[in-house]
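Please look at the sequence and model below before reading on.

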Amino acid sequence: RDIAPSEVDGVDVLRRIPVRQFRRIAHGPDAKLDRCGFVAQDIEWVWPEAVSRDMDGMLGVARTAFVPLLVKAIQQQQEQIEALTKRVEELEKRSNP
């Protein structure tokens with residue numbers, strides 16, 4: 001099988017996806033509620049795996065496609081946190097012999 005660790009930079013991808021405030025076009029009780037979310041056209045350029053198109057050509061965001069990306073970003077940030085923590089500890093040892 002062709003399984004390998006992901007080389008995607010999760011943090012970089014997430015930083016390039018704009019979070020938008022918008023009024024949803026819908027009918028019923030949710031029609032006039034402002035939403036905070038994603039616009040499929042924005043995501044299509046950055047993370048096309050998360051965008052789907054229905055039979056009418058309408059784009060949609062597959063939120064579950066973000067799960068591996070979010071996990072990767074958290075892993076990357078945790079590595080940064082651990083490296084910075086180690087560096088701070090080493091600097092503290094040097095300044096407080």
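**Salt bridges in the predicted model**

Arg 20 and Asp 42 join their side chains in a salt bridge, with an N to O distance of 2.8 Å. Because Arg 20 belongs to strand β1 (residues 20–23) and Asp 42 to helix α2 (residues 40–46), the pair ties together parts that are 22 residues apart in sequence. A salt bridge here is a side-chain nitrogen of Lys or Arg within 4 Å of a carboxyl oxygen of Asp or Glu. Helices (H or I, at least four residues) and strands (E, at least two) are DSSP runs, numbered from the N terminus.

This is a predicted model, in which local features need pLDDT of at least 70 and side-chain atom pairs count only at pLDDT 80 or more, while totals for chains, interfaces and linings use all residues. Residues are numbered from 1 along each chain as its sequence is written, and side-chain values use heavy atoms, with hydrogens and water left out.

**The Arg 20–Asp 42 pair**

- Arg 20 is partly exposed at 37% relative accessibility, whereas Asp 42 is buried at 19%.
- Buried means under 20% relative accessible area, exposed over 50%, and partly exposed in between (1.4 Å probe, protein chains only).
- The side chains of Asp 42 and Arg 20 also form a polar contact of 2.8 Å.
- A polar contact is a pair of N or O atoms within 3.5 Å; within protein, one must be able to donate a hydrogen and the other to accept it, and residues adjacent in sequence count only if both atoms are side-chain atoms.
- Leaving aside residues up to four places away in sequence, Asp 42 touches Pro 18 and Arg 20, where contact means heavy atoms within 4.5 Å.

**The other salt bridges**

- The whole structure holds three salt bridges.
- One of them links the side chains of Arg 16 and Asp 12 at 3.2 Å, N to O.
- Arg 16 is partly exposed, with a relative accessible area of 45%, and Asp 12 is partly exposed at 34%.
- Another links the side chains of Arg 53 and Glu 44 at 3.5 Å, N to O.
- Arg 53 is exposed, with a relative accessible area of 54%, whereas Glu 44 is partly exposed at 31%.

**Confidence**

- The chain has an average pLDDT of 89, and 90% of the residues score at least 70; pLDDT is the predictor's confidence in each residue, from 0 to 100.
- Among the elements of the chain, helix α3 (residues 66–95) has the highest mean pLDDT (95) and strand β2 (residues 34–37) the lowest (82).
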